[in-house]
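Colleague: Could you take me through this fold? I would like to begin with the sheet and then turn to the core.

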Amino acid sequence: MALRIHHFAITVKDLEKSIDFYMNKLGFQIHGEDTRNKNYIYLTLNKSDILLELFKSPTKNQDFNYGNMRSHLALTSEEIEKDLEIIENRGVKSLKGLQIIPGDVKIFTILDPDGYYIDVGQKIG
């Protein structure tokens, strides 16, 4: 098989707020969008082949199980300390600061506006 990941999607409560977070806090760029119904948008990070689709919640006035421990976005970094400082200077605090986890990986975790976990990691050595 010659399968590749094209995109992954997360459902968000407030599409505009999430677009602002991913673009202005994390540096994503618009790749494509639903110009007819404004229900979703595709974002890319540094021209990656893998896209993030933000999909507007179909349940506007009901509770919806947004971010949870099973769903997360993992980003890699070549300068994790610098990236953490930039993100925190943009008003986003890491949950536990910079940590080293098994596998010799430096990592920090933040939350998006809907509570989805975003791990940023860098392999050590």
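Modeller: The notes below take the sheet and then the core.
Modeller: This is a predicted model, in which local features need pLDDT of at least 70, side-chain atom pairs count only at pLDDT 80 or more, and totals for chains, interfaces and linings use all residues. Residues are numbered from 1 along each chain as its sequence is written, and side-chain values use heavy atoms, with hydrogens and water left out.

Colleague: What is the order of the strands in the open sheet of four?
Modeller: The order is E5-E8-E7-E6, with mixed pairing. Strands are DSSP runs (E, at least two residues), as helices are (H or I, at least four), numbered from the N terminus; two strands pair if DSSP finds at least two bridges between them.

Colleague: Which are the edge strands?
Modeller: They are E5 (72-76) and E6 (99-101), each pairing on one side only.

Colleague: In which sense do E5 and E8 pair, parallel or antiparallel?
Modeller: E5 and E8 (residues 117-123) pair in the parallel sense, over five bridges. Leu 75 stands opposite Val 120 in E8.

Colleague: Now the core. Which residues touch the most other members of the largest nonpolar core?
Modeller: Of its 23 residues, these are Tyr 22, Leu 26, Phe 28, Leu 54, Ile 110 and Ile 118. Such a core is a set of buried Ala, Val, Leu, Ile, Met, Phe, Trp, Tyr and Cys residues joined through side-chain atoms within 4.5 Å, where buried means under 20% relative accessible area (1.4 Å probe, protein chains only).

Colleague: Which element gives the most to this core?
Modeller: H1 does, with four residues.

How values were computed. Buried means under 20% relative accessible area, exposed over 50%, partly exposed in between (1.4 Å probe, protein chains only).
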